[in-house]
Amino acid sequence: MSTGGTAKVHPHAALALSSSLVTVGTFDGVHRGHQALLSNLVTRARRRGVPSLVYTFDPPPKTVFAKVLQLTPLEEKLRRLSHFGVDHIVVARFDADYAARPAEAFIAELGRLNPRELWLGRDFRFGQGRKGDVALLSRYFDVRVLKDVGCTTGERISSSRLRALFGEGRREEARRLHGWPSLGCLPGTVD
Ligand SMILES: Cc1cc2nc3c(=O)[nH]c(=O)nc-3n(C[C@H](O)[C@H](O)[C@H](O)COP(=O)(O)O)c2cc1C
Ligand SMILES: Nc1ncnc2c1ncn2[C@@H]1O[C@H](COP(=O)(O)OP(=O)(O)OP(=O)(O)O)[C@@H](O)[C@H]1O
């Protein structure tokens with residue numbers, strides 16, 4: 001699959017690395033909070049001379065468990081992730097089988113990437129029933145938690161907030177939190 005950039009895209013469990021810096025998440029919309037995580041990851045990976053890797057999910061788990069709007073289709077998300085200069089993107093197809101994998105199976109998969117640092121937001125959850133959290137991952141990896149990125153009013157930026165703003169037709173506000181000049185990928189938007 002092409003990203004329009006230099007990142008290599010892999011299906012899950014297909015890649016092994018001897019060293020890496022990793023972040024994991026849905027990254028729907030690749031908004032300003034995600035962008036801070038990505039810039040930080042790539043800068044630190046280059047400084048350490050190791051490849052940077054984004055592990056993501058398609059479709060977004062929330063669209064599977066609840067009927068929420070997907071902000072960016074996969075191709076567009078890959079293009080945006082690649083824009084930050086990440087070396088590898090792992091895309092896990094998120095279906096019922098994948099969702100049933102226990103947290104420990106996911107930790108074992110991450111282990112094969114040999115992350116020197118694992119960068120996450122504080123609320124990251126994973127594994128069947130969302131049982132895994134940052135505390136569990138910290139037993140296995142050097143987990144670094146990014147400080148919340150907020151907007152000018154201090155509220156945390158999130159894909160959920162963007163979905164709500166779009167749902168209410170508040171597109172200008174959404175566009176500012178989003179941080180991308182064109183939202184042509186969103187259904188019904190004209191830029
Ligand atoms: C192996 C695995 C299994 C998961 N199983 C579930 C699940 O049973 N229920 C659920 O709501 N989310 C599940 N998720 C999705 C997580 O809750 C979460 O959405 C995902 O790790 C991405 O994090 P983010 O939402 O912070 O981007 C699972 C994730 C992983 C990696
Ligand atoms: N504003 C933010 N500041 C810091 N980290 C963030 C921010 N938003 C998301 N993250 C982190 O980025 C990673 C991917 O997050 P995710 O894709 O779930 O975004 P989200 O905006 O929290 O989505 P949703 O609102 O659907 O839960 C997670 O580790 C999450 O904690």
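Me: Let's start with the sheet. What is the strand order?
Reply: This is a predicted model. Its open sheet has six strands in the order β1-β4-β3-β2-β5-β6, with parallel pairing.

Me: Which strands are at the edges?
Reply: The edge strands are β1, residues 8–11, and β6, residues 143–145; each of them pairs on one side only.

Me: And how much does the twist average?
Reply: From one strand to the next, the twist averages 25°.

Me: Now β1 and β4. How many bridges do they pair over?
Reply: Four, and the pairing of β1 with β4 is in the parallel sense. One residue to look at is H10, whose bridge partner in β4 is V90.

Me: Is β4 mostly covered or mostly open?
Reply: Strand β4 runs over residues 88–93 and is mostly covered, as five of its six residues are buried.

Me: What about β3 and β4?
Reply: Strand β3 covers residues 52–58 and pairs with β4 over six bridges, in the parallel sense. D58 stands opposite R93 of β4 there.

Me: How is β2 joined to β5?
Reply: By four bridges: β2 is residues 20–24, β5 is residues 115–120, and the two run parallel. L21 has E117 as its bridge partner in β5.

Me: Switching to rings. How many aromatic pairs are there?
Reply: The structure holds nine aromatic pairs. Take Y55 and F57: their ring centres are 5.5 Å apart and the planes are at 55°, so this pair is tilted.

Me: Are Y55 and F57 buried or exposed?
Reply: Both Y55 and F57 are buried.

Me: Which residues form the aromatic cluster?
Reply: Y55, F57, F65, F94, Y98, F106, F124 and F126 form one cluster.

Me: On to ligand 1. What surrounds it?
Reply: There are 17 residues around ligand 1, and the closest are T26, A99, R125, G129 and R130.

Me: Which polar atoms does it meet?
Reply: Among them, a polar backbone atom of T26 is 2.7 Å from an oxygen atom of ligand 1. A nitrogen atom of the ligand is 3.1 Å from a polar backbone atom of G127. For R130, an N or O atom of the side chain lies 2.8 Å from a ligand oxygen atom.

Me: How much of ligand 1 does the protein cover?
Reply: The protein covers 85% of the 610 Å² of accessible area that ligand 1 has on its own.

Definitions and conventions. Residues are numbered from 1 along each chain as its sequence is written. Chains are lettered from A and ligands numbered from 1 in the order in which they are written. This is a predicted model: local features need pLDDT of at least 70, side-chain atom pairs count only at pLDDT 80 or more; totals for chains, interfaces and linings use all residues. Side-chain values use heavy atoms; hydrogens and water are left out. Rings of Phe, Tyr and Trp (its six-membered ring) pair if their centres lie within 6.5 Å; planes under 30 degrees apart count as stacked, over 60 as edge-to-face and the rest as tilted. Buried means under 20% relative accessible area, exposed over 50%, partly exposed in between (1.4 Å probe, protein chains only). Two strands pair if DSSP finds at least two bridges between them. Axes are lines fitted to C-alpha atoms, for helices over the stretch in contact, and angles run from 0 to 180 degrees between N-to-C directions. A residue is near a molecule or strand if one of its heavy atoms lies within 4 Å of it. A polar contact is a pair of N or O atoms within 3.5 Å; within protein, one must be able to donate a hydrogen and the other to accept it, and residues adjacent in sequence count only if both atoms are side-chain atoms. Accessible areas come from the Shrake-Rupley method with a 1.4 Å probe; for residues, only the protein chains shown count as cover.
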